[in-house]
Amino acid sequence: MQTTASFTQQDGLFIDGNLHAFIEQQLCQQATLTCEDVYQALATLVDEFGCQCRKNKHEDDAALDAQTLLHAYQVEHAHPHCHVDAQTTTAVLDEFCCQVPAIIVVALMDTLSGTASNERGAKDIYQRAAQLTNRPCMYQVNVLNTNAA
């Protein structure tokens, strides 16, 4: 594990230090997965969906910051509001230090925490996150979305 400033490098990604601690101390424990498996799943999701989500991004300045993301899961215990084609997140950077699409991080965190979501256009990401982590798919068409942000 290599740490630079407030980020930790995992599987070619740079993870915000607070998010890294939350993943290791809470999500990995709940999901009974190794942290390596979680970061490998995240890297795979970024590889498979990052380009398409970025290509369709229509809000240049929309970003889900790391604190809002953590607040949603630690305090609100709810899915944070984010759209497939709108936001990136400051919580995870790719190998080029570019923000990754927020929905990728949110889909994985929803899958690991058991938080249901109905984010339009995200079904494939949620299904792949479930497959990579061997967890149930948390994408539900008719779920009441309680936004934390």
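Helix 4 passes helix 5 in a right-handed crossing, where a crossing is right-handed if the near helix is turned clockwise from the far one by less than a right angle, and left-handed if anticlockwise. Helices (H or I, at least four residues) and strands (E, at least two) are DSSP runs, numbered from the N terminus. The structure is a predicted model, in which local features need pLDDT of at least 70 and side-chain atom pairs count only at pLDDT 80 or more, while totals for chains, interfaces and linings use all residues. Residues are numbered from 1 along each chain as its sequence is written, and side-chain values use heavy atoms, with hydrogens and water left out.

**Helix 4 and helix 5**

- Two packed helices are described by the angle between their axes and the distance between the axes.
- Helix 4 spans residues 102-113 and helix 5 spans residues 123-133; their axes come within 9 Å and cross at roughly 50 degrees. Axes are lines fitted to C-alpha atoms, for helices over the stretch in contact, and angles run from 0 to 180 degrees between N-to-C directions.
- Helix 4 is therefore oblique to helix 5. Angles under 35 degrees count as roughly parallel, over 145 as roughly antiparallel, 65 to 115 as roughly perpendicular and the rest as oblique.
- On the side of helix 4, the contact (heavy atoms within 4.5 Å) is made by Ile-103, Ile-104, Val-106, Ala-107, Leu-108, Asp-110, Thr-111 and Leu-112. Helix 5 contributes Ile-125, Tyr-126, Ala-129, Ala-130 and Thr-133.
- The residues of this contact between helix 4 and helix 5 comprise 10 nonpolar, two polar and one charged. Ala, Val, Leu, Ile, Met, Phe, Trp, Tyr, Cys and Pro count as nonpolar, Asp, Glu, Lys and Arg as charged, and the others, Gly among them, as polar.

**Helix 2 and helix 4**

- Helix 2, formed by residues 35-55, packs with helix 4 at an angle of about 140 degrees, and the axes are 9 Å apart.
- These two helices, helix 2 and helix 4, are therefore oblique to each other, and their crossing is right-handed.
- From helix 2, the contact involves Val-38, Ala-41, Leu-42, Leu-45, Val-46, Phe-49, Gly-50 and Cys-53. From helix 4, it involves Ile-103, Ile-104, Val-105, Leu-108 and Leu-112.
- In the contact of helix 2 with helix 4, 12 residues are nonpolar, one is polar and none is charged.

**Overall architecture**

- The protein has five helices and six strands, which follow the pattern β-β-β-α-α-β-α-β-β-α-α along the sequence.
- Of the 149 residues, 48% are buried. Buried means under 20% relative accessible area, exposed over 50%, and partly exposed in between (1.4 Å probe, protein chains only).
- Among the contacts with a separation of 6 or more, 63% are between residues 24 or more positions apart.

**Cysteines**

- A disulfide is a covalent bond between the sulfur atoms of two cysteines. In this model, it is taken as a pair of cysteine sulfur atoms within 2.5 Å, and the structure holds zero disulfides.
- The closest cysteine sulfur to that of Cys-28 is in Cys-35, at 3.1 Å, which is too far for a bond.
- Cys-28 is buried at 4% relative accessibility, and Cys-53 is buried with a relative accessible area of 5%.
- Cys-97 has a positive phi of about 65 degrees although it is not a glycine. Cys-97 lies in the loop between strand 5 (88-93) and strand 6 (99-101) and, at 49% relative accessibility, is partly exposed.

**Other individual residues**

- Asp-11, in the loop between strand 2 (7-10) and strand 3 (13-16), has a phi near 50 degrees, a positive value in a residue other than glycine. Asp-11 is partly exposed, with a relative accessible area of 45%.
- Tyr-126 belongs to helix 5 and is buried, with a relative accessible area of 0%. The C-alpha atoms of Tyr-126 and Cys-137 are separated by 6.1 Å, and the two residues are 11 residues apart along the chain.
- Asn-118 is in the loop between helix 4 and helix 5 and is partly exposed, with a relative accessible area of 24%. Asn-118 and Tyr-139 are 21 residues apart in sequence, and 5.6 Å apart in space from C-alpha to C-alpha.
- Gln-52 has its place in helix 2 and is partly exposed, at a relative accessible area of 42%. From C-alpha to C-alpha, Gln-52 and Pro-101 are 9.5 Å apart in space and 49 residues apart in sequence.
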